[in-house]
Amino acid sequence: MNTISIAIVGGDLRFVRLAKILYEQGFDTWVYALSHPDIPIGVRVAKSLEDISTCNYVVGPIPFSRDGKNLFTPLSNNCISVEMFMEYMTVPFLCLSVLKPTLINALNARGLNYIDLMQMDEIATLNAIPTAEGAIQYAMQNSEITIDDSKCIVLGFGRCGKILAHRLKGLGANVHVEARSTKDLAFIEAYDYIPVPLEDLKKHLWKFDFIFNTIPVQILDSSHIDACSLASIYIELASAPGGIDLNYCASRGIHYVPAPSLPGKVAPKTAAKILYQGLEIIMHKRGEIL
Ligand code: NAP
C-alpha cells in the first residue's frame, strides 16, 4: 500500500467514485460523511474528524459548503460545521472547491494549507465537458424543441462557456455568446458564433429559446428579464448567487432551471477521474509522487 493517506469528506456520487479510484491506486483511503454501498470494503470509514486529522490530504466536497456554515454532505446524515472542520484540519493539505471569500479569509487566518481545486485549470477545463453535456441534457429535458435550429445564448466565455458553445454548435444550434472583453468577442467571432457584447445584451435577449448562464455575478436585472421572451428557458450553471434576479424571474414567469453540480450528477465517474488527475498533479508538484 502507498504510504500517502487521503481522506474524502462529504460530497456527492463523484466522491464515491473517487474513493474507489484512490483505493485501487493503493492510497490509504479514508471517507468521512460519505456513505454509499459502492465504497470499496478496504476504504477506511472515519467516525470523526479526529480520525482523519493526521492524513496527508483531505479532499472536501464540491461545493465545499452551500450555506456557508456546514460542509456539503448529501450522502450522509452527518452535519459538519465549517468551523469544526477547520479546527481539526491543521495537519493535512486541504483540497477544497468553490471557496467563497469569507472562507478563504478564515482558512488564511488559521494558516491552513489548502488549494481550491476548481481554480486549477487542469481540473476546471476538463470539468467543463460533463458540465456542458449536463447543461444540454437539462435543456432537452425542459423543452419541447430540439437544440438543432434553436437560438441559444451562452453568457460568459470562460472554461464552461467555451466548451458549451462548442457543443451547442455541434448540435446545430444558432449560437450567440456574450462576453465583456473585446478579446473574447474576437475569439467568439472567429469560432463562428455570434458575439454579443455585455452592453448590448438587453437588445438581443428577446430572441433566445435557451439562455445558459456561466457568469457567477448577477448580470441580469429586472430590465434584462423584462427583455426576455416568456418562452425562454434560463439554465443556471454558475455558482451562487448566479446570474439572474431570481425573485423577479419567478414573478415574471420565466422558466428557470437550476443546474448545480452537473459533473457529479450526470457523469460522476468521469468527474472522479478528472479529480484524481488533479490530485496527481498536486502530489507531483509537492514532490510526493513521481
Ligand atoms: P471562468 O472560466 O472563470 O469563466 C467565468 C466567466 O464569467 C468569464 O467569461 C468571465 O469574464 C465572466 N464574468 C465573471 N465576472 C463577470 C462580471 N462581473 N461581469 C461579466 N462577466 C463576468 O469560470 P468557469 O470555470 O467557466 O465556471 C463558471 C461558473 O460555473 C462558476 O461559477 C463555476 O463555479 C460554475 N460551474 C458550475 C458547474 C455546474 O455543474 N453547474 C460546473 C463547473 C463550474 P471575464 O473573463 O471577462 O472575467
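This is a predicted model: local features need pLDDT of at least 70, side-chain atom pairs count only at pLDDT 80 or more; totals for chains, interfaces and linings use all residues.
Two strands pair if DSSP finds at least two bridges between them.

**Entry 1**

I began with strands E1 and E4. Strand E1 (residues 5–9) and strand E4 (residues 57–59) run parallel and are joined by 3 bridges. Across from Ile6 I found Tyr57 in E4. Then I looked at what rests against this part: helix H1 (residues 13–24) packs on the sheet and touches E1, strand E2 (28–32) and E4. The direction of H1 makes about 170 degrees with that of E1.

Next I followed the whole sheet. It is open, has 6 strands with parallel pairing, and reads E3-E2-E1-E4-E5-E6. Which strands are at the edges? They are strand E3 (44–45) and strand E6 (114–116), each of which pairs on one side only.

**Entry 1: two cores**

I looked up the largest nonpolar core and found 30 residues in it. Ile8, Leu18, Val59 and Leu117 touch the most other members. At least two residues each come from E1, H1, E4, strand E5 (93–96) and helix H11 (268–285). Helix H11 gives the largest share, 7 residues.

Leaving out residues up to four places away in sequence, its contacts include Val59, Cys95, Leu275 and Ile282. There is also a second, separate core of 29 residues, with Ala128, Val175, Ile188 and Phe212 among them.

**Entry 2: His176**

Is His176 buried or exposed? His176 has 4% relative accessibility, so it counts as buried, the cut-off for buried being under 20%. This histidine lies in strand E8 (residues 174–179). Beyond its sequence neighbours up to four places away, His176 touches Cys152, Ile153, Val154, Ile194, Val196, Lys207 and Phe208.

I checked for cis peptide bonds and noted two places. One runs from Ile62 to Pro63, with omega near -10 degrees; Pro63 sits in the loop between E4 and helix H2 (82–88). Another runs from Ala240 to Pro241, with omega near 10 degrees, and Pro241 belongs to the loop between strand E11 (233–236) and helix H9 (246–252).

Val98 has phi near 50 degrees, in the loop between E5 and helix H3 (101–109). With 26% relative accessibility, Val98 counts as partly exposed. Asp192 has a positive phi of about 75 degrees and lies in the loop between helix H6 (182–190) and strand E9 (194–197). Asp192 is exposed, at a relative accessible area of 55%.

How values were computed:
Residues are numbered from 1 along each chain as its sequence is written. Side-chain values use heavy atoms; hydrogens and water are left out. Helices (H or I, at least four residues) and strands (E, at least two) are DSSP runs, numbered from the N terminus. Buried means under 20% relative accessible area, exposed over 50%, partly exposed in between (1.4 Å probe, protein chains only). Contact means heavy atoms within 4.5 Å. Axes are lines fitted to C-alpha atoms, for helices over the stretch in contact, and angles run from 0 to 180 degrees between N-to-C directions. A nonpolar core is a set of buried Ala, Val, Leu, Ile, Met, Phe, Trp, Tyr and Cys residues joined through side-chain atoms within 4.5 Å.
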